[in-house]
Amino acid sequence: MKFYKKRLPGVLPSAALAASVLMLGASGQALAADCERGALDTLYCDANGDMVADLPKDESKWNDPDTLIFAYTPVEDPAIYSDIWQPFIDHLSEVTGRDVRFFAVQSNAAQVEAMRSGRLHIAGFSTGPTPFAVNLAGAVPFALMGSDSGRFGYTLQVFTHRDSDIHEIKDLKGKRVAHTSPTSNSGNQAPRALFPEMGIVPGEDYEISFSGSHDQSMLGVVAKDYDAAPVASEVVDRMAARGLYDTDDVRLVWESDRFPTTSYNYAHNLHPDLVEKVREAFYTFKFAGTELGEEFEGVETFVPINYKDNWKVIRTIQASNGVQYTPDNLK
């Protein structure tokens, strides 16, 4: 039997994440004192240099829950995604032998805090927030959605209304452009890092309006509320497939090289035997013929990845923007 609920008991509002980090960080200094950790919070150690939190040496700190809590990245309509993820939830439960609950998160900050506090065990974190989850919550990325050939990722696309006078990036000068949120890779960080090379500095050469999501950015362009918007290709493709906007109403201005997409992570302190089963569940799941496969068109399987290598380009983009992995920067 599977259980589903809209709210995870005990999850703090996103505004409380900073206070939670301070309190847990203080206790974490006793747990993970005097160890190599790089950018990781004081709760964690990184003795092997792979840039993610090590499994605690003390086996009493290993978490082996009877019920696994799984969360997908915040989306416009979480209720729809709880149904879409049902086939995978069933598969994960069967392979691990545990009950699995789907947690519909409301924000990146709340999702990170839930894993940090031990209330979330497995999660899909969006591209930009992934480094925050790694460093603040001890998340360990291990999979991405991809093809059987190992291909994965998405692009940053810049759209404008079909009737606009914007035909290339330099035409954004003086316009009102929708970015999604400060931590979003394609919706904010990547444009800030890449557009200056093309002669446009976001926030200086054009006005930035934060829409809150890729969905809202795209719909705002369609409605002419914004002159243009940088968005993630995978999101707007799914929107088009669901008929949420008419592709004839917009025009593609520019497209980047491919970035890694949503990372799938387990909490660093999960029992290693359970982690092995979680990995098995992801790597053996096939999307074909499922609602998940219909939603993520072109995706066939989960591809093994690691944070150090596959998130290097994202960390570079964030470093160029002066991003520091703190709760305030995540909000």
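**Figure 1. Overview of the predicted model.** Residues 24 or more positions apart account for 77% of the contacts with a separation of 6 or more in the protein, a contact being heavy atoms within 4.5 Å. This is a predicted model, in which local features need pLDDT of at least 70 and side-chain atom pairs count only at pLDDT 80 or more, while totals for chains, interfaces and linings use all residues. Residues are numbered from 1 along each chain as its sequence is written, and side-chain values use heavy atoms, with hydrogens and water left out. Of the 331 residues, 54% are buried. Buried means under 20% relative accessible area, exposed means over 50%, and partly exposed lies in between (1.4 Å probe, protein chains only).

**Figure 2. The largest nonpolar core and the surroundings of Trp 85.** The largest nonpolar core has 93 residues. Such a core is a set of buried Ala, Val, Leu, Ile, Met, Phe, Trp, Tyr and Cys residues joined through side-chain atoms within 4.5 Å. The residues with the most contacts inside this core are Phe 70, Trp 85, Phe 88, Tyr 264, Phe 282 and Phe 302. Strand 5 (residues 139-146) gives the most to the core, with 6 residues. Leaving aside neighbours within four places in sequence, Trp 85 contacts Phe 70, Tyr 72, Phe 102, Met 145, Tyr 264, Leu 292 and Phe 302. In soluble globular proteins, nonpolar side chains tend to be buried together.

Figure 3. In helix 4 (residues 108-116), 9 of the 9 residues are buried. Gln 111 lies in helix 4 and counts as buried because its relative accessibility is 0%. Not counting residues up to four places away in sequence, Gln 111 touches Ala 71, Tyr 72, Thr 73, Pro 74, Val 105, Leu 120, Ala 123, Gly 124 and Phe 125. Just after helix 4, Gly 118 takes a positive phi of about 90°.

**Figure 4. Packing of helix 4 on helix 5.** The axes of helix 4 and helix 5 (residues 130-137) come within 9 Å and cross at roughly 30°. Axes are lines fitted to C-alpha atoms, for helices over the stretch in contact, and angles run from 0 to 180 degrees between N-to-C directions. The two helices, helix 4 and helix 5, are therefore roughly parallel. Angles under 35 degrees count as roughly parallel, over 145 as roughly antiparallel, 65 to 115 as roughly perpendicular and the rest as oblique. Helix 4 passes helix 5 in a right-handed crossing, meaning that the near helix is turned clockwise from the far one by less than a right angle. Val 112, Met 115 and Arg 116 of helix 4 make the contact with Phe 132, Ala 133, Leu 136 and Ala 137 of helix 5.

**Figure 5. Crossing of helix 3 and helix 9.** Helix 3 (residues 86-96) and helix 9 (residues 272-284) have axes that come within 9 Å and cross at roughly 140°. At that angle, helix 3 is oblique to helix 9. The crossing of helix 3 past helix 9 is right-handed. On the helix 3 side, Phe 88, His 91, Leu 92, Val 95 and Thr 96 take part, and they meet Leu 274, Lys 277, Val 278, Glu 280, Ala 281, Phe 282 and Thr 284 in helix 9.

**Figure 6. The disulfide between Cys 35 and Cys 45.** The structure holds 1 disulfide, defined as a pair of cysteine sulfur atoms within 2.5 Å. Cys 35 is joined to Cys 45, with an S to S distance of 1.9 Å. The torsion about the S-S bond is about -90°, so this disulfide is left-handed. Cys 35 and Cys 45 are 10 residues apart, each in the loop between helix 1 and strand 2. Cys 35 is partly exposed, at 23% relative accessibility.

**Figure 7. Loop residues with positive phi.** Met 51 has a phi near 75°, a positive value in a residue other than glycine. Met 51 sits in the loop between helix 1 (17-31) and strand 2 (67-71) and is partly exposed, with a relative accessible area of 30%. Lys 224 has a positive phi near 65°. The place of Lys 224 is the loop between helix 7 (214-222) and strand 9 (228-232), and this residue counts as exposed at 52% relative accessibility.

Technical notes: Helix = DSSP H or I, 4+ residues; strand = E, 2+ residues; numbered from the N terminus.
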